[in-house]
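This report covers a helix pair, a ligand site and some backbone geometry. The sequence and structure come first.

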Amino acid sequence: MIGMFERLARPLFHALDPEDAHGLTIRLLKFAPLLRAPADDRRLAVRAFGLNFPNPVGMAAGFDKNAEVPDALLRLGFGFVEVGTVTPLPQRGNTRPRVFRLDADAGVINRLGFNSQGADAVLARLAARANAGGIVGINVGANRDAPDRVADYVQLIERFASVASYVTVNVSSPNTPGLRNLQQAAVLDDLLARVIDARERVAQSAGPTPVLLKIAPDLSLADLDDVVGIARSRRVDGLIVSNTTLARPASLQEVSVAKEAGGLSGRPLFPLATRMLAETYVRVESVFPLIGAGGIDSGSAALAKFRAGASLIQLYSALVFRGLGLIEEIKAALIAGLEHDRLESLDDLVGVDAAAVTAEPWPG
Ligand SMILES: Cc1cc2nc3c(=O)[nH]c(=O)nc-3n(C[C@H](O)[C@H](O)[C@H](O)COP(=O)(O)O)c2cc1C
């Protein structure tokens, strides 16, 4: 049913501006009756950050920025959904057009700039579904004009801890000027100290809320050393590797669209994001789990993320090109991968190729 609808609708969606197509998709998910995806094979279950994931395939941040459809996404078969980025105050983001499809490359460039309905609206929606079950995390960011950006993160942790399964501190979006400077060692150390402190302050009423950090794929390896060291010493619960890239790989075919400013995602991001995932894995030494994101558009790409060091994965851009059937395709490929290697669980796959990936030539 979902598949048939998609096949009919895809040419129409592709004729639309990407942001209009996205808005239409959210509305459809809100109002169309959806079939529930089949129950997950037990071998897909993952325990991480103290949470039990029915399967490891997550919806990445940015698709449901305002928490309008997390339960529809869970019903479609995602093992978890990350809503946001939410900012404390509503803001419009950059002027349109600000999302571009690179059709020949199966990539996307966006410079949305944290368009958000703001914390009040998103909090109300998450509070209304707080007892619905399912893992719904929230990705938080600072307002563009915030006088004290760290205070924005602290405020959002305090407000969302009781209604979100986990909170992701997003310091890696390229479209808010200066935001990625929060990844610099001294600044990041202060940010994480205050964020973890805020989490502890509200833990008595909100319960133990895992705090994750989402990083850019454009960090140098020296910067990555610092980021991992600080994440470990401040005891974050996990890292998400990665956000979109400012790089434009030489392989891109859509050369004129590639000139648009913004973060690149989708298939062209896969080599860099997977390399950074493996580089992160070898530095983290299994102290906490990693979520792999960036360019997952097939079962084999998903398996490669686990082998490079991911315990869980997230995707977004490939849904534009491959549609929702990709979720079940990936889950089937993960099961087939386990059976092929005669393994009991995905845990046995995590990081098996990390060292080999870090020995390859740097992806260009
Ligand atoms: C249109 C668009 C909007 C996004 N918005 C956010 C966002 O608000 N916060 C965030 O942390 N990541 C955001 N991302 C990044 C994704 O969460 C993900 O990290 C990245 O796209 C790599 O995964 P993919 O190649 O599967 O898309 C966005 C990506 C796209 C394509």
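## Helix packing

Axes here are lines fitted to C-alpha atoms, for helices over the stretch in contact, and angles run from 0 to 180 degrees between N-to-C directions. The model is predicted.

Helix H4 (residues 119-128) and helix H5 (residues 149-160) have axes that come within 11 Å and cross at roughly 25°. Angles under 35 degrees count as roughly parallel, so H4 is roughly parallel to H5. The crossing of the two helices is right-handed. On the H4 side, the contact is made by Ala-119, Asp-120, Val-122, Leu-123 and Leu-126; H5 contributes Leu-156, Arg-159 and Phe-160. Of the residues in this contact, six are nonpolar, two are charged and none is polar.

## Ligand surroundings

The ligand is surrounded by 22 residues, of which the closest are Ala-61, Lys-65, Thr-85, Gly-295 and Ser-317.

Several backbone atoms lie within polar-contact range of ligand oxygen. A backbone N or O atom of Gly-266 is 2.8 Å from an oxygen atom of the ligand. For Ser-242, a polar backbone atom is 3.0 Å from a ligand oxygen, and for Tyr-316 a polar backbone atom is likewise 3.0 Å from an oxygen atom of the ligand.

## Backbone geometry

Thr-85, one of the closest residues to the ligand, is found in strand S4 (residues 80-86). The peptide bond from Gly-84 to Thr-85 is cis, with omega near 10°. Another cis peptide bond joins Arg-96 and Pro-97, with omega about -5°. Pro-97 is in the loop between S4 and strand S5 (99-102).

Phe-49 lies in the loop between strand S1 (46-48) and strand S2 (51-53). Phi of Phe-49 is near 55°, a positive value in a residue other than glycine.

Methods: Residues numbered from 1 in each chain as written. Predicted model: local features only at pLDDT ≥ 70, side-chain atom pairs only at ≥ 80, totals over all residues. Heavy atoms only, no water. Helix = DSSP H or I, 4+ residues; strand = E, 2+ residues; numbered from the N terminus. Parallel < 35°, antiparallel > 145°, perpendicular 65-115°, else oblique. Left-handed = near helix turned anticlockwise from the far one by under 90°. Contact = heavy atoms within 4.5 Å. Nonpolar A, V, L, I, M, F, W, Y, C, P; charged D, E, K, R; others polar. Near = heavy atom within 4 Å. Polar contact = N/O pair within 3.5 Å; in protein donor to acceptor, adjacent residues only side chain to side chain.
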